[in-house]
Amino acid sequence: MKVVIVGGVAGGASAAARLRRLDESADIVMIERTGYVSYANCGLPYFVGGEITDRKRLTLQTPDSFLSRFNVDVRVNSEVIAIDRPGKMVRVCNLVDGSEYDESYDRLILSPGARPIIPDMPGMDDPRVMTLRTVEDTLRMHGFIQSNAPKRAVVCGGGYIGLEIADNLHALGIEVTIVQRPDHVLPQVDREMAADVHHHIRSKGVDLRLSDAVVGFDTDGPLTVLLRSGERIETDMSVVALGVSPDTQLAKDAGLDLGIKGSIVVDEHLRTSDPDIYAVGDAIQVKNAITGAYANIALAGLANKQGRIVANNIVGIDSTYEGSMGPSVLRVFDMTVGATGLTEKQAKDAGYDVEKVYTYSASHATYYPGAKNMSVKTIFDRSSGKILGAQIVGYGGVDKRIDVIATAIRAGMTVYDLEELELSYAPPYSSAKDPVNYAGFVATNLLSGLVKQYHWDELDARVSDPNMTVVDLRTSAEYAEQHLDGVLHIPVDELRERLSEIPKNKPVSVFCHSGLRSYLGCRILMQNGYDCSHMAGGFRFYASVVKDLNIGSPEDYPCGIKRS
């Protein structure tokens with residue numbers, strides 16, 4: 001059996017290695033258009049920034065190592081330009097000398113990946129305007145920086161690649177501006193969860209421009225970035241990181257079925273509309289593992305799994321791909337952002353009866369040095385308690401918690417199950433009530449009716465409502481630092497003695513710094529006959545999102561009381 005693989009990197013290389021482990025007699029040919037067959041795509045920004053200093057570290061396998069270890073014929077700098085499906089042949093172009101030849105196959109695996117989105121706007125062909133997708137892109141950018149010592153850079157796009165390259169350019173001492181079309185960075189998280197990221201980026205001296213967009217470049221003289229708002233930013237270099245799109249022209253020309261965003265349609269075995277052609281990686285359409293809706297998800301971990309599944313199926317081991325939730329984690333300077341499952345908007349669009357809770361938990365025991373808080377948003381179905389998604393912004397321990405919740409979602413667990421999870425504990429690593437357990441506690445309190453909640457975007461309306469009493473339960477010091485007019489201030493520790501100050505003839509809305517004390521206050525009020533609800537996430541969320549203020553610090557206790 002002869003298997004030809006179009007594209008290496010994650011999916012193609014994984015398929016080739018697995019196929020060889022399963023079938024020593026197979027004739028395996030892998031054709032890769034770049035000069036590198038298997039490389040650490042996600043590590044490319046860190047080579048630009050100097051954290052990875054040896055370029056050889058970016059290359060996981062070479063053509064020679066693939067041949068010696070796996071007996072795979074790897075041909076780099078070669079591109080498959082056409083597929084003859086009836087003849088079971090591919091047309092290959094040698095990109096070094098331009099020559100072409102035909103290669104036969106019994107089974108064909110497509111792993112073409114994705115291409116960076118390059119908008120049609122003036123100045124995109126200027127060498128000072130770059131993208132970052134391949135090793136060649138990385139070396140070009142690295143060489144430009146070494147040769148030109150740029151002082152300023154504009155990054156177009158606030159997604160994963162945009163923030164990673166901004167982080168690494170900043171580490172080189174370059175003055176960085178990020179321009180993002182939506183009103184928040186990172187489309188994988190909701191706006192309120194991105195607010196802390198915004199504050200953190202700006203705290204590093206990076207100029208973050210939201211709700212604006214790059215519309216072109218003036219390349220006569222100094223490079224000037226043109227914004228939709230009319231502003232012009234003079235810079236020394238610019239990186240366009242506006243996302244990627246499936247690279248499926250080859251599949252389209254071959255007449256294979258295409259789906260969402262032009263991605264290749266595959267079945268549960270990752271077989272295309274041609275039974276002898278499989279496809280994996282960033283170019284394929286998959287199912288969202290929660291909703292069952294079709295999606296295109298570009299993640300290296302998924303491509304590796306898909307390559308393994310295809311190899312299994314080719315040799316007769318029945319394997320299926322059950323879809324993805326798109327779990328991800330990102331370092332933004334020294335902050336970590338994790339997400340899995342559905343965002344709140346995606347969950348609502350999918351028709352779920354959406355509920356959410358916000359918790360503010362320390363990464364490990366607060367009495368052990370170095371504890372920093374993480375903001376956790378847990379999204380679930382109100383009627384069933386089924387977990388739909390989670391987003392975490394913090395420092396240490398974010399990756400651990402997002403992976404636990406991702407596993408819980410995959411297992412079909414509910415927020416009730418989060419309460420019961422037994423998770424490892426030692427003071428340097430966690431708390432006896434792990435942040436994952438804590439999210440479960442808060443969610444089940446809400447679903448059981450022990451407490452009612454409202455959210456940060458409702459506070460202003462409640463303060464101005466004459467038929468509502470709003471009570472600030474924070475300490476006097478916190479109140480003096482930042483407060484709202486028209487709000488009754490009673491520290492939670494004085495609440496029992498001052499109940500007479502709160503009228504019983506209208507609903508009461510309470511809030512504190514993070515939601516813990518307001519929950520306690522709400523329980524006191526409800527048991528004394530009040531109709532009470534508390535603000536999920538606390539005043540720190542309101543201040544961060546609505547007022548664009550960085551209130552509180554990661555070193556605060558979860559209840560917001562500052563260390564003395």
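What share of the 564 residues in the chain is buried? Hi everyone, let me walk you through this one. Keep in mind that we are looking at a predicted model. The answer to my opening question is 54%, taking buried as under 20% relative accessible area.

Let's start with the overall build. The chain holds 33 strands along with 16 helices. How does the radius of gyration sit against a compact globule? For 564 residues such a globule would come out near 24 Å, and the chain has 27 Å, so the two agree.

Now to contacts. Counting those with a separation of 6 or more, 63% are between residues 24 or more positions apart.

The accessible area of the chain is about 23700 Å², and carbon and sulfur atoms supply 49% of it. As for charge, there are 73 negative side chains and 58 positive ones. The centres of those two sets lie 2 Å apart.

Let me finish with one local detail, an open sheet. Three strands make it up, ordered β20-β22-β23, with mixed pairing. Its edges are β20, at 264-265, and β23, at 294-295, and each of these pairs on one side only. Strand β22 covers residues 284-287, and it runs parallel to β20, with two bridges joining them.

Definitions and conventions. Residues are numbered from 1 along each chain as its sequence is written. This is a predicted model: local features need pLDDT of at least 70, side-chain atom pairs count only at pLDDT 80 or more; totals for chains, interfaces and linings use all residues. Side-chain values use heavy atoms; hydrogens and water are left out. Helices (H or I, at least four residues) and strands (E, at least two) are DSSP runs, numbered from the N terminus. The radius of gyration is taken over C-alpha atoms; the globule rule is 2.2 Å times the number of residues to the power 0.38. Buried means under 20% relative accessible area, exposed over 50%, partly exposed in between (1.4 Å probe, protein chains only). Contact means heavy atoms within 4.5 Å. Accessible areas come from the Shrake-Rupley method with a 1.4 Å probe; for residues, only the protein chains shown count as cover. Lys and Arg count as positive and Asp and Glu as negative; His and the chain ends are not counted. The place of a charge is taken as NZ of Lys, CZ of Arg, CG of Asp or CD of Glu. Two strands pair if DSSP finds at least two bridges between them.
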